Amino acid sequence: MKELQEVDLFENVDIDFSGIAPYAKAQVIDPNTDFYPGVKRYALDKEINLKAGKVKEIPQDILDKMTKQLEDALHAQVAKAWEEKDSLKSIKYVGSYLLVPKVNQIVYDNNILYNIYKVSVENSENKFEFYTYCQFKDIIVLADGTCSVDLTSYIMPSGSAFFGSVSGEAFMKGSYYYFGYEETDSLFNNCVTKNIEQYGYESTVTE
């Protein structure tokens, strides 16, 4: 009798994810099928529309990594552009806005997450707080809780100032200008309200 050999049926088999929730798609990549043309050895129980994401479904460790990205970027901005380098006192996460395309809407950006932060500043002129965001896209949350997002691809408020006049997402406070919003209403209008025709949203912002 010929000795039986142990075989790993899943050797070289991988799963490729494309698209974003709620329109994510998973596909089995099995190079072994090259030896058996026309034969599909494996199939997924569910390949499309894996799971519509919600803020509470994003793992805490992913949210923590997103916050660390914002903190690093803001500290770098302070080091490069702020005159009073030590005026940044604290950065606090206060919630998120999650935008998901409405049914039958054809949109360019899907599943957009805005993490919102309160920034405390104390300089030689003023002591105040303002709000900023860190936007991420292409977030996939699968049924088993696995989350995929490119943490290196993000957007923060931007603008410009010229002789006391500001534009974009900037505001003046005394002699200095900052990127962000003095209150959450304006931030919400820019991030959510202007997209309300095509997107539904969920908010966990507490302020």
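## Terms and model

A residue is called buried when its relative accessible area is under 20%, exposed when that area is over 50%, and partly exposed in between, using a 1.4 Å probe on protein chains only. By this rule Ala-143 is exposed, with a relative accessible area of 63%.

The structure is a predicted model, in which local features need pLDDT of at least 70 and side-chain atom pairs count only at pLDDT 80 or more, while totals for chains, interfaces and linings use all residues. Residues are numbered from 1 along each chain as its sequence is written, and side-chain values use heavy atoms, with hydrogens and water left out.

## Overall layout

The protein has two helices and twelve strands. Helices (H or I, at least four residues) and strands (E, at least two) are DSSP runs numbered from the N terminus. Along the sequence their pattern is β-β-α-β-β-β-β-β-β-β-β-β-α-β.

Of the 207 residues of the protein, 37% count as buried. Contact means heavy atoms within 4.5 Å. Among contacts between residues at least 6 apart in sequence, 55% join residues at least 24 apart.

## Helix α1

Helix α1 covers residues 60-81, which makes 22 residues. The expected span of a helix is 1.5 Å times one less than its number of residues.

The buried residues of α1 are Ile-62, Leu-63, Met-66, Thr-67, Leu-70, Ala-73, Leu-74 and Val-78. Seen down the helix axis, these residues fall within an arc of 155 degrees, so they line one face of α1. The arc is taken from the directions from the helix axis to the C-beta atoms. Strands β3, β4 (112-122), β5 (127-136) and β7 (147-148) are among what covers the buried residues. On the other side of α1, Ala-79 and Lys-80 are exposed.

## Ser-96 in strand β3

Strand β3 runs over residues 88-101 and contains Ser-96. Ser-96 is buried, with a relative accessible area of 0%. Leaving aside neighbours within four places in sequence, Ser-96 is in contact with residues including Val-55, Leu-113, Tyr-114, Glu-202 and Val-205.

The side chain of Ser-96 also makes a polar contact with the side chain of Tyr-93, at 2.6 Å. A polar contact is a pair of N or O atoms within 3.5 Å; within protein, one must be able to donate a hydrogen and the other to accept it, and residues adjacent in sequence count only if both atoms are side-chain atoms.

## Loops

Most residues other than glycine have a negative phi. Asn-104 has a positive phi, near 70 degrees, and is not a glycine. Asn-104 is found in the loop between β3 and β4 and is exposed, with a relative accessible area of 75%.

Asp-138 is not a glycine either, and has a positive phi of about 60 degrees. Asp-138 is placed in the loop between β5 and β6 (140-141). With 47% relative accessibility, Asp-138 counts as partly exposed.

Ala-143 lies in the loop between β6 and β7. The C-alpha atoms of Ala-143 and Glu-57 are separated by 9.5 Å, although the two residues are 86 residues apart along the chain.
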